[in-house]
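Here are my comments on the model, as numbered points. Please read them with the coordinates open.

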Amino acid sequence: MTQVIVLNGGSSSGKSGIVRCLQAVLPDPWLAIGTDTLVEAMPASMRASDGGIEFAPDGEVIVGPEFRTLEAAWIEGIAAMARAGARIIVDEVFLGGADSQQRWQKVLGELRVLWVGVRCDGAVAAGREIARGDRIIGMAASQADVVHQGVVYDLEVDTAHAESMECARAISAHLK
């Protein structure tokens with residue numbers, strides 16, 4: 001049985017909407033954990049330092065060694081929860097493409113994972129980014145393709161052409 005669902009997509013691609021729909025349609029309770037949760041849990045000083053995470057005015061995201069250390073611990077914690085019996089949906093942004101996925105694969109190891117690519121045309125994601133008003137303009141367009149480079153998925157969904165609930169049902173159908 002699948003223990004972890006990893007949704008990877010750029011900013012404003014529709015991952016969070018899919019997560020909420022998955023929680024509504026899946027028969028068992030699933031915890032939703034996102035990379036935004038990790039960033040929000042960090043001290044504010046790490047959101048503006050070379051060692052932490054920086055958000056450039058053009059939307060570029062730069063991560064440093066202190067961020068990577070905390071991220072590694074966070075991933076280990078998520079894996080531990082799954083090993084303890086929690087089913088988890090991870091809302092992620094693989095800024096490093098295949099390297100990011102490999103960090104997760106190493107830690108998740110023997111757990112049953114469904115890898116889902118959440119695609120969205122950069123222009124569509126950029127429009128959502130503007131409408132949201134809580135993101136740095138340019139982040140969605142810059143991440144739309146780079147987060148998928150070299151990443152291997154069990155399933156891909158495209159939120160530019162399907163609503164969140166339709167994507168959630170497609171993901172649910174792939175669970176074992």
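**Cysteines and helix 3**

1. The sulfur of Cys120 lies 9.7 Å from the closest cysteine sulfur, that of Cys167, which is too far for a bond. A disulfide would need the two sulfur atoms within 2.5 Å. Keep in mind that this is a predicted model.

2. Cys167 is in no disulfide either. The nearest cysteine sulfur to Cys167 belongs to Cys21, 8.7 Å away. For the structure as a whole, the disulfide count is zero.

3. Are Cys120 and Cys167 buried or exposed? Cys120 has 7% relative accessibility, so it counts as buried. Cys167 is buried too, with a relative accessible area of 2%. The cut-off for buried is under 20%.

4. Helix 3 covers residues 65–83. At 1.5 Å a residue, its 19 residues should span 27 Å.

5. Which residues of helix 3 are buried? They are Phe67, Glu71, Trp74, Ile75, Ile78, Ala79 and Ala82. Viewed down the axis of helix 3, these buried residues fall within an arc of 140 degrees, so they line one face of the helix.

6. Exposed here means over 50% relative accessible area.

7. Check the backbone just after helix 3 as well. Gly85 sits there with a positive phi of about 115 degrees.

Notes
Residues numbered from 1 in each chain as written. Predicted model: local features only at pLDDT ≥ 70, side-chain atom pairs only at ≥ 80, totals over all residues. Heavy atoms only, no water. Helix = DSSP H or I, 4+ residues; strand = E, 2+ residues; numbered from the N terminus. Expected span 1.5 Å × (residues − 1). Buried < 20%, exposed > 50% of the residue type's maximum accessible area, 1.4 Å probe, protein only. Arc of directions from axis to C-beta.
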